Amino acid sequence: MEPLSSLQIFGHILYQLLPVWIGLVAIFAISIATKTKTGLYGKLFDSPIGMVGFALVVFWVLTALFGDMIMTHDPLQQISGMKNKLPGTPTKGAEAGDFQWYLLGGDNLARDVFSRVVAGSRIVLKIAPLATLFAFMVGITLGLPAGYYGGKRDTLLSFLANLILAFPVILLFYLLVTPEIVKTGLPKYMAAVLFLFPIIFLVVLWQSRFYTQPQKRNLFVALTVLIGGWIYMGIAWNADPTGIISMQANILIVFVAVVFVNSPTVFRIIRGLTMDIKTRDYVAAAQTRGEGPWYIMLWEILPNARGPLIVDFCLRIGYTTILLGTLGFFGLGLESESPDWGSTINAGRRLLAIYSHPALPPALSLMSLVLGLNLLADGLREQSLRD
Amino acid sequence: MTKQPYDGPILEINQLSISFFTRMFEIPAVMDFSVTVMPGEAVGLVGESGCGKSTVALGVMQDLGVNGECVSGSIKFKGRELIGMPEEELRELRGSEIAMIYQEPMASLNPAMKIGKQLMEVPMIHEGMSKEDAYAMALEIVESVRLPDPERMMNSFPHQLSGGQQQRIVIAMALMSKPSLLILDEPTTALDVTVEAGIVDLVKDLGKKYGTSMLFISHNLGLILETCDRLCVMYSGEAVETGSIKDVFDKMRHPYTQALFRSIPLPGADKNEHPLVAIPGNFPLPHERPRGCNFGPRCNYYKEGLCNAHNIKMAPIKGDTRHDSRCMRFESIDWDEPIEAGANTAKTEVGDVVLKVDNLKKYYEVAANAIFGGGEKRVVKANETISFEARESETLAIVGESGCGKSTLAKVLMGLETATDGSVELLGKYVEDVSIEERTTNTVSSVQMVFQNPFDTLNPAMTVGSQIKRALEIFGVGKNEAEREDRMLKLLDLVKLPRAFATRMPRQLSGGQKQRVGIARAFAGAAQIVVADEPVSALDVSVQAAVTDLLMEIQRENKTTLLFISHDLSIVRYLSDRVMVMYLGHVVEMGSTDAIFSPPYHPYTEALLSAVPIADTSIVKKHVVLEGDIPSAMDPPSGCPFQTRCNYKGQVKGGLCEQEVPPMRTLKGGHEIKCHLDDKTLNTMEPVIKQVAKEKTTA
């Protein structure tokens, strides 16, 4: 079997990504056709920058989703004789049904770089949006009362937020993954506290809205506590009675660390927005008809802060992606075998001067995803400002 | 640059059309607009928001931004064409030959530069004047805009001055270059009435003194009457009528102008006998303009096939000089036809006392150091010894300028704040120290509020229907969702909005419609007392009348007590039964509407009455202008709160005004007044507003 030429490599990669292209075209076709009816999401398709960003992000989401169809080899499998082989090298000892080449070459442990990059996107897209979402829940639940009540509560919460922000992030991560600290159970307790916030958030949301209709309220609260509690037991304590939901201990630590450092920034954004929006007349109108403070915060203020929050959410997923990369690069949290982009870049770094192909693809992937998220945020911001 | 003398018209705008271009389509903002400003002449541009009056001003400045463009026509300044003039030449004209004054004074001044430096910059840049000369000139101009202590002013930063002082500085800056044309875009809208009166007075005098031509943009017809020689009425991007003040005010020849005058409360209007006539319908959006006459769909004289046949041109009116109208039928309409008598409604009888406020005080403590507390505390006396009562189906107007404590009073009534001292008896219950969380649903739903800013009163993230339904839910109206839905639709009927609006988002509604939804929401729990905080002041005049009438109608039906907070005395006179005038936390005068609007007055009320511009040429006003600004509530003057600005202070012996707060005195007819002036002086006061016989107009 002959090694592939550059053009052939390119062609094969495009072909491997076929499900992604089909998905992208379908999503764009449907979205553009219905763009007048879908509000802010539809307006995104009026902005070239937003569309490029959206396309990059959707590309990676679909790649992660169809990963099994795209991957040519098992990302952890080492094939002897493929160590540091150049892109396009035929796989040694490939049988008839196997894929015949290492499209982007092999890394220093003779694993397929292409498959590892695809598998890495899964890890990033599993952790980054979810961790950002949790950080938002924590930030919102604490930021709203701080901004709305002001005074001593605000002073205390803002002080704590500043304290966390002032602490060097990398040092914090090092501390959290140190075996001695893990043994004390600190990350677990932190997870137990941080993961409680989404449940509190939802319960308060339903209570404040539907307390005048107890039946509806009871239904929503019961559902939230049941489903939320189940997920909570599974991921925070790894004690899901049915055993379906669980989270690996090391991923949990990464997750907790990311949520912990992101939530103070979210807290500050929400606090500022709340302080601005609470002076509006519709907030006064709600007060004069005797609404409770949580109704005002969650149903009058929060929906009207959504514009800047959505933009920040996109940007923050980007930061989190970089943060995950940094963690992987320093070998913090995840296993050394893990195909996540940060670890892969770190592994490739050592031979960068001789072989650049194992380190470059994950680095470019990381860059394109973060760029996509930033462009998407820009597009959203631009479109939400015009009417 | 040297300024050449020029005799012809200062500004000649001829058939100007300005459009804004979006990615999709072109939005015409101004169409076929012509106006001429002669030397020393003041021309008013009047119209509702969105009619294109500010766009004209920006067109003259050639500052339309990237999207705007003059599509056709010409703008000639002293004979020189401005459209297409190179940037450099324009820069020399702007600020030197043409100066502009905007609505927000704070936004026109650089907050990081001292006033003096900002003023001196103008002649130093345009005329290359030396620093010393520029300083001397700035000092002279600051003095001529009647600011106290000019040298201190020159040495302060903009934020150290009050709004009125800032606007004077902006005017001074515009005058520094001795411009030939001064464009004023709503220069007093952000200011209080008594401060506004001072600025208007100043502008008029300066116009005479320097011979500057002025283009005065305003939505307020009364203000135009006081300041201008000629005016141009605009509607939906077109000039519909132009002429001298006298011609347009006394013998208008366009249905829109007529409708506009009928919808503003003039001293003769009365809510029962001569109700205001609102203009039906809504202002058309720029891309939804009808064919033919833009005002057609809202016009009483509309004739199918004539008014919508083709575009209508301005036509001169025979017998008048420079008086034009854009109407096909102005010659066939009988302009002297009396206003169709609206439904005369009987005056409703006032019932029992529902609200009794006695000796109410509200102080705020402001810590000097907000972060760590402690430090020295300052007390803001927002309300001082307020006593009044309000009866069922009565309208009590609370009048005063910003900082007089009227909003604090509303907050205490609503329970958003609790009183420092005194009592508030609401429907037989004492509620002065019951905050809203502790009030029963019944109490909360019986006192509701209508807010000032229509763009802020509804939650932008919820549909109109669900907002009203939420209020019903909170007030415990209706047993289930279906009943509340039904009640919500009935409330929409009550405020005369189509039922389809229930599913709309607030941003799809116009200002007037939003305010109606706000009213519907306030009446959701069958409110007995409604506090209306300037409910119409942010609306356009043509919409104001409709919303005011709606409020009156609902009040009549439900026997609601209306506490109408306003600074606009014309509308107060039109709709209220009793009036309470507040100044710096004190009630300075209270009585029936007639008693307040006729002498004897409290000196503050007198100034307030004189300050309100009235759009009627047959009204002669006594000229009272107050000096200075309203003192801060943080540091109120000793004695009478009004003594720092009072024109009558000299007539009270022994400096009593500076030593003690005058007691509330009851004059005849339950008219209360808080003043040291003796009865004799009070009785010699003349009425501020006098109606002289209207000249017979020839049709």
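Helix 1 (residues 53–61) of chain B lies across strand 1 (11–21), strand 2 and strand 4 of chain B, and runs at about 75° to strand 2 of chain B. Helices (H or I, at least four residues) and strands (E, at least two) are DSSP runs, numbered from the N terminus. Two residues are in contact if their C-beta atoms, placed from the backbone, lie within 7 Å. Axes are lines fitted to C-alpha atoms, for helices over the stretch in contact, and angles run from 0 to 180 degrees between N-to-C directions.

This is a predicted model, in which local features need pLDDT of at least 70, side-chain atom pairs count only at pLDDT 80 or more, and totals for chains, interfaces and linings use all residues. Residues are numbered from 1 along each chain as its sequence is written, while chains are lettered from A and ligands numbered from 1 in the order in which they are written.

The strands under discussion belong to an open sheet of four strands in chain B, with the order 2-1-4-5 and antiparallel pairing. Two strands pair if DSSP finds at least two bridges between them. Strand 2 (26–37) and strand 5 (80–81) of chain B are the edge strands, each pairing on one side only. Strand 4 (residues 68–77) of chain B is joined to strand 5 of chain B by two bridges in the antiparallel sense. Here B:Phe77 stands opposite B:Arg80 in strand 5 of chain B.

Chain B also has an open sheet of eight strands, in the order 18-19-20-15-21-22-25-24 and with mixed pairing. Its edge strands, strand 18 (447–450) and strand 24 (664–666) of chain B, each pair on one side only. On average, neighbouring strands of this sheet are turned by 20° against each other, direction ignored. Within the sheet, strand 21 (residues 578–583) and strand 22 (residues 586–592) of chain B run antiparallel and are joined by six bridges. B:Tyr583 stands opposite B:His586 in strand 22 of chain B.

Chain B as a whole has 22 helices and 26 strands. Its radius of gyration (taken over C-alpha atoms) can be set against the globule rule, 2.2 Å times the number of residues to the power 0.38. For 699 residues a compact globule would have a value near 27 Å, and chain B, at 27 Å, agrees.

Confidence is given by pLDDT, the predictor's confidence in each residue, from 0 to 100. The mean for chain B is 82, and 94% of its residues reach 70 or more. Over residues 695–699 of chain B the pLDDT is below 50; this stretch has five contacts in the model beyond near neighbours in sequence.

Chain A has 18 helices and two strands. In chain A, helix 11 (residues 196–210) and helix 12 (residues 214–237) pack at an angle of about 175°, with their axes 9 Å apart. These two helices of chain A are therefore roughly antiparallel to each other, given that angles under 35 degrees count as roughly parallel, over 145 as roughly antiparallel, 65 to 115 as roughly perpendicular and the rest as oblique. Among the residues that make the contact are A:Trp206 of helix 11 and A:Phe220 of helix 12 of chain A.

The contact between the chains takes 15 residues from chain A and 21 residues from chain B. Helix 14 (residues 281–288) of chain A gives the most to chain A's side, with six residues. The model scores ipTM 0.81 and pTM 0.81.
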